[in-house]
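Please consult the sequence and the structure while reading.

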Amino acid sequence: MIRALTGFSTRSPWKVIALWAVLGIALTILGQAFVFRASQPGTGGFLPERYDSAAALKVAERHFGARPDVEPLTVLVARRDGAALTAADERGIDGRAAALSRRWITMPRDEKTPPALTEDHSQRPRVTPALTSPDRELRLLSVELKGNPADPGVQSTYRAFRDQARAEFEVAGLRTGFTGGLASTVDDQDAEKTRSMVVGFVMVGVIVLLHVLVFRSVLAALLPLVAVTVIGGAAMGTVVIGALLSGIRLAPSTPGLINVVLVGIGVDYFLFLLFRFREQLRSHPEQSGREAAAVVAGRVGTAITSAALTIVAAFATLGVATFGQFRVLGPAIAVSVLVMLLGSLTLLPALLAVCGRRMFWPSRSLDRPARGGAAARTGAWTVRRPAALVLVCVAVLGALAAGTAGMRMDYGGRAAGEERTAAARTAAEIAEHLPAGVSDPAGVFVTAVGGGRVDTAGLDGMVRALGTVDGVGQVAPPVLSRDGRAARIDLFLDADPLGQEARDLVSGPVRDAVAAHRPPGTEAHVGGTAAVFADVAVAVGKDLKVVFPVAAALIAVILFLLLRSLLAPVVLMLAVGLGFAATLGASALVFQHGLGRPGVDFTLPLVLFLFVVALGTDYNILVTDRIREEMARPGPARAAVARAVRHTAPAIASAGLVLAASFAGLAVNPAPATQQVGFATALGILLSAFVLSIALVPALAALLGRSLWWPVLRRPVGDEDATGHGGSPYGVSGGGVSGAGGSGVDVSGAGHGYPYGGTPTEPRPVPLPHALPRPGERTTGAR
């Protein structure tokens, strides 16, 4: 199947390229146009109803008209001269708020986007007076706008409303301020637009520069980015269209995670093909570019398929999570990786076949034999002192992993330096005059069991009890729903609703007070942002305890089936697990213990699972696949490891540096969560590439020798022991992930560029799948 795909792609490359160009562009446009229609704003909607905050959200929707697609805003109105508001001022503010509610807000059009692909978010906002501060310095208005806050159309509509509101109150000598989720999102994007653009250009420049330094070719530097962009766009479009057709709602963060995952594995796979393609052209100067591309795509394509299917299976385990954001993310990532795999087996080989030797122009590296360089020295040193290298790697990784002791999860999401934005300054000003949670209150929702009516008089005891809870600044009177079957009690907390203190408050004392004073015949649930994140913390903690072991077991089973070895999967899983723990521990050491943050962002373990485990497995499969290939040849096992390191280390190092450089740009983002993701993924990729795949795994392979592949890989006939004596011209292939194939180096590791090692006059080894040649049996030179 794999060779059929790669063979067709190299025989008919222009057809494949044209098909991908059409599908890639079309799916990219559709994906970008409909991604926000397929996304669900907010976090509470991803919680199962058995969680208290999710049940409260359902009551709010059913009885109070709350909608998950409505984005609340808070507008601060105050006198421009700083004087206290008069009764006339309050009446004027309320009248202008009513006028804004009757005014239609037309969404500004983006001339670059076709109208057919643009969703119109023009609407009439709901503006209602909320309250006046006790010192009468300001009055707050509550505003509701419909739409996903991440949608550029919704953001444009908000900007139009903000301008109209400012003008409306300006004529009366009043100033305004805007805060809330949508206001913060827009202000953050406006403040970071220039910085993000500069960082993006710098990162692309760094990636291109690294490719140029490695291949000495502009085409080899630019083509991977172009190809990965096309395939990634097609994958994102496929996920979005699938979500729309199935009715599944994506989380707002899903598209961003998919993009970075696809860039990561896509660049990796193209680099693996490029390095092996260059090796093939050097060792077979008589071959055309198309022939070399066919050989390389068939060999490396199997290793790429193995790595991709491992990632797919790992992410599929997220389907068992109870937290909907994880449960949706798993299949979305899996589908995206499958599309990237298809592109890696078709578009990438087609590009190699079309470009041929021109891929590396103007470099003359194909005209001369490859020099050993640092990779050869690394391989030689690894097999000379493998035990010492294993001890050093384990000590370094173990020291970093120790940082996980006492690690806490942070669900705050506050941006460092957030006070620079207008929305943050407005929130700070409100907090000076009112409880910190006034703009985002917690809510207690009481419903009558059996569909009866709620008696608000019976809630007096609950209201008094909530008012005595330490940390609750103010308790609003109960508000009855229109049907009388539910009541809402708003709580204005003294703590920041996005902080740990507020989450502890609502999940502990507030819920205890509600449970103790709930009137007979009623149900009561605590909702709001703080309650949602408190429940998310519980759900995520439970899910990670299930998902990670299941994923690890599934990856181990897949590696066993692919490698057909009992010991090799264990070695790889232990190495990747240690790398994951080291990366997570280093993040806790830097951010929680070093910078004094409340903890590591709650999404970080999952993000590291996506990148460090997935990409680390990719790198390990590449190096172990080559080790297996080399060990299938006659010669000492340690010499085979040295050759494998020499040939795979440049590809792994290049892929690791490119990805680490791209993610490092996220570390300068002012948002703490993004900072942590950027730092942790960059560090994790570097550890996976340089410590695990280039050092630890080869060193373990050198110590274990061919027993690493027991019971499948058999010692070649007449093969020597670990000291390197003896040997036979015939090797026996143990099957393996990519099958038998040439190494391009001799047994000693010096290398002469011939497909099966040795010299042109030496016989080539015969790969026989699972049998040794019988005594006296004549073998052929067939490959």
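## The buried face of helix H14

In this predicted model, helix H14 spans residues 460-467, and its buried residues are Met462, Val463, Ala465 and Leu466. Viewed down the axis of H14, these buried residues fall within an arc of 165 degrees, so they line one face of the helix.

Several elements cover the buried residues of H14. Among them are the strands E6 (442-448), E7 (472-475), E9 (486-493) and E10 (522-527), together with helix H15 (500-516).

## Leu182 in helix H6

Leu182 belongs to helix H6, which comprises residues 181-215. Its relative accessible area is 0%, under the 20% limit, and Leu182 is therefore buried.

When neighbours within four places in sequence are left aside, the contacts of Leu182 are Glu71, Leu73, Leu145, Pro149, Val154, Gln155 and Tyr158. Tyr158 is 24 residues from Leu182 in sequence, while their C-alpha atoms are 7.9 Å apart in space.

## Leu338 in helix H10

Leu338 is located in helix H10, residues 324-355. With a relative accessible area of 40%, Leu338 is partly exposed, because this class lies between the limits of 20% and 50%.

Residues up to four places away in sequence not being counted, Leu338 touches Leu309 and Val312. Leu338 and Ala235 are separated by 103 residues in sequence, and the C-alpha to C-alpha distance between them is 8.3 Å.

Note on methods
Residues are numbered from 1 along each chain as its sequence is written. This is a predicted model: local features need pLDDT of at least 70, side-chain atom pairs count only at pLDDT 80 or more; totals for chains, interfaces and linings use all residues. Side-chain values use heavy atoms; hydrogens and water are left out. Buried means under 20% relative accessible area, exposed over 50%, partly exposed in between (1.4 Å probe, protein chains only). Helices (H or I, at least four residues) and strands (E, at least two) are DSSP runs, numbered from the N terminus. The arc is that of the directions from the helix axis to the C-beta atoms. Contact means heavy atoms within 4.5 Å.
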